[in-house]
Amino acid sequence: MKRHILIAILSLMALTATAQHDEQVTVEGKYRPKANKVDKLQLTPETPQPSYAFPSSEVTPKETKQKFALDLEKISPTGYAAKNDKLVTPTENFLMAGIGTRLSPLFLYKHNSMLTKTLGLGVGVKHNSSWLNIKDYAPSGYMNNAFDVNLTTSRFDGFQIDGGVYYKNDMYHYYGVNLVETPLTDAEIEQYCPRQTYNTIGAHLGLASTSTRVGELSHSGGVDYHYTFDNTYAREHFVGLDYGLGYTQNWWGDKSHPQKVGLDMGFQFDGFASNEESSNRIYLKVNPFLETSGDFYRLRVGALMDVATRVNESDNLFAIRPDLNGSLFVLDKKLEFYAGLNGGRKLVTFSDIIGDNPFFSNAPCSDFGVKNVKFGFDAGVRTNIVEIVDLHLGVRYRHTDNDPFYQLDDYYIDNAQSVMPFNKFRLVYDETHTVSVLADARVKLRNSLTADLGFAYNSCKPTNEEYAWYRPTTEGKLKLTYDFNDQLSFNSTLLFQGGRYAKAVAFESQGLTYSNEKLKDVFDLSLGADYKVNDQITAFALLDNVAHQKYQLYYNYPVTGIQFFAGVKLRF
């Protein structure tokens, strides 16, 4: 069941991975590529996210759903990529097609081209699904589809405008029911655990300055909209507006380091309805700031003022938080010490939740709150003193109100002689204090072998809940890539998570009982290879979850065991 999801995610990752690139590229403005060695000291590290996200690393960014990604072709969104610090010819069309065990097809098509000198077109199509049932628990399957079209133009002096539309369709037939322990007929499976379908239609429009001139105003902004709905009458309309205004001037100091004053503003509307319930929420932020820099420092001083629809009577409608961060550079900018204070609210949306946990139930509107980071602190050090090693060490602290956690829904359905759980999840909220210690490193030996390492220790203390459900205490990642020659390359990824707990629900003669279950540690090893036949054709293979571990991302949903995928990639 869970494995079906896993596999779904796996395939989807595979597809998604192809659309990404870890190549060393610096984009000037927003659409003028220039190949350079990445100055990783300028990148901001991210805090590990809730649930199943491994430590985000500024050296090897990897999204949650890419855990099962095929590390295949990377395509620069600008049409350029750099490998070993050399320019690679832009690719207009990229197609990947493959198949995995259980006849699971993978398909990805990406098109990038310039219709005119100033107008660019991007098109993407993705599909992956299971043709055979996955039988870890009850038989199950999945299908993921996506389509997007984007246009980008830089015909306006000093500005770039980009916009596009997209559509996503995800189907999951999952149960989370062990048929040995709870025998069910096919009719009962369909009754208690129906197919779940999610659809999203969305669009975006963005404006960005491609240059910043001293003494002139700079503008940036964006509009995002999506409509998400499922097959059980849950539906969500989301609108997000962002606008930034900045003015750069030499008020003091070296003229090569001007100062900037600016104002970032944001507005969000989220309307959710389920059956006969409906709820509308609004979020608004205003963030004035001053930025200045020198040969050995960078500093931002500002204030974040935000307001959101009240979730409960203890919530403050309005808050002002510091927006402070700065860096000190020494040893010719090869060593950076950074620190910052932050905070802010975030709407908990239906679309974000089902993207993280597709086993989420069709919950009432009250399940969607506003996550409120009352106080945040970041500090750390980044360095590449040794040319072959990029290293980052950091510490994070967050004091959060309305921190969301997943729990099994204790809604039960009468099943003849017994009562059976409707095995889906809901959200519970709690006040938390979280401390995280992070370490990331990239080691590059010659031009053929690269090792990326990541580690995080997280201590999350809820006020009311006994554990921070599903959040790991320790996380680790090791990724190795090796170019044997110009044609053959290998890659391997090892992922680890430990210290995760779930709150289980069971039906006993005396009624519902609850228990705390320590989940099996995640130990996931994958091995992959690419063979370049010529400049247009590359064959790939991936062996995923080599150790055949049946760990659970969420309670009662075991992941897919060992899987094999193979196919081809075409550039034309």
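Q: How many residues lie between β14 and β15 in their hairpin?
A: There are 3 residues between β14 and β15 in that hairpin. Before we go on, this is a predicted model, where local features need pLDDT of at least 70, side-chain atom pairs need 80 or more, and totals for chains, interfaces and linings use all residues. Numbering starts from 1 along each chain as its sequence is written, and side-chain values use heavy atoms, without hydrogens and water.

Q: Which way do β14 and β15 run, and how many bridges join them?
A: They run antiparallel, with 9 bridges between β14 (residues 277-293) and β15 (residues 297-308). Strands pair here if DSSP finds at least two bridges between them. Strands are DSSP runs of E, at least two residues; helices are runs of H or I, at least four; both are numbered from the N terminus.

Q: What stands opposite Leu284?
A: Val307, in β15.

Q: And which strand does β15 pair with over 11 bridges?
A: That is β16 (residues 318-330), again in the antiparallel sense. Ala303 has Pro322 in β16 as its bridge partner.

Q: Zooming out, how many helices and strands does the chain have?
A: The count is 3 helices and 32 strands.

Q: How much of the chain is buried?
A: 48% of the 572 residues. Buried means under 20% relative accessible area, exposed over 50%, and partly exposed in between, with a 1.4 Å probe and protein chains only.

Q: New topic: where is Gln563, and is the residue buried or exposed?
A: Gln563 is in strand β32 (residues 563-571). Its relative accessibility is 2%, so Gln563 counts as buried.

Q: What does its side chain touch?
A: The side chain of Thr101, through a polar contact of 3.0 Å. A polar contact is a pair of N or O atoms within 3.5 Å; within protein, one must be able to donate a hydrogen and the other to accept it, and residues adjacent in sequence count only if both atoms are side-chain atoms.

Q: On to rings. How many aromatic pairs are there?
A: The count is 20 aromatic pairs. Rings of Phe, Tyr and Trp (its six-membered ring) pair if their centres lie within 6.5 Å; planes under 30 degrees apart are stacked, over 60 edge-to-face, and the rest tilted.

Q: Why is Tyr247 with Trp251 called tilted?
A: Their planes are at 50 degrees, so the pair is tilted; the ring centres are 5.9 Å apart. Tyr247 is partly exposed at 26%, and Trp251 is partly exposed at 43%.

Q: What about Phe272 and Phe368?
A: Also tilted, because their planes are at 55 degrees, with centres 4.4 Å apart. The pair links distant parts of the chain, 96 residues apart: Phe272 is in β13 (residues 259-274), and Phe368 is in the loop between α3 (350-356) and β18 (370-383). Phe272 is buried at 3%. Phe368 is buried at 7%.

Q: Which cluster includes Phe272?
A: Ring pairs link Tyr172, Tyr198, Phe272, Phe350, Phe360 and Phe368.

Q: Which charge lies over the face of Tyr338?
A: Arg382, at 4.1 Å from the ring centre. The rule wants NZ of Lys or CZ of Arg within 6 Å of the ring centre and within 35 degrees of the ring normal.

Q: Is Arg382 buried or exposed?
A: Buried, at 4% relative accessibility. Arg382 lies in β18.

Q: What polar contact does its side chain make?
A: One with the side chain of Glu336, at 2.7 Å.
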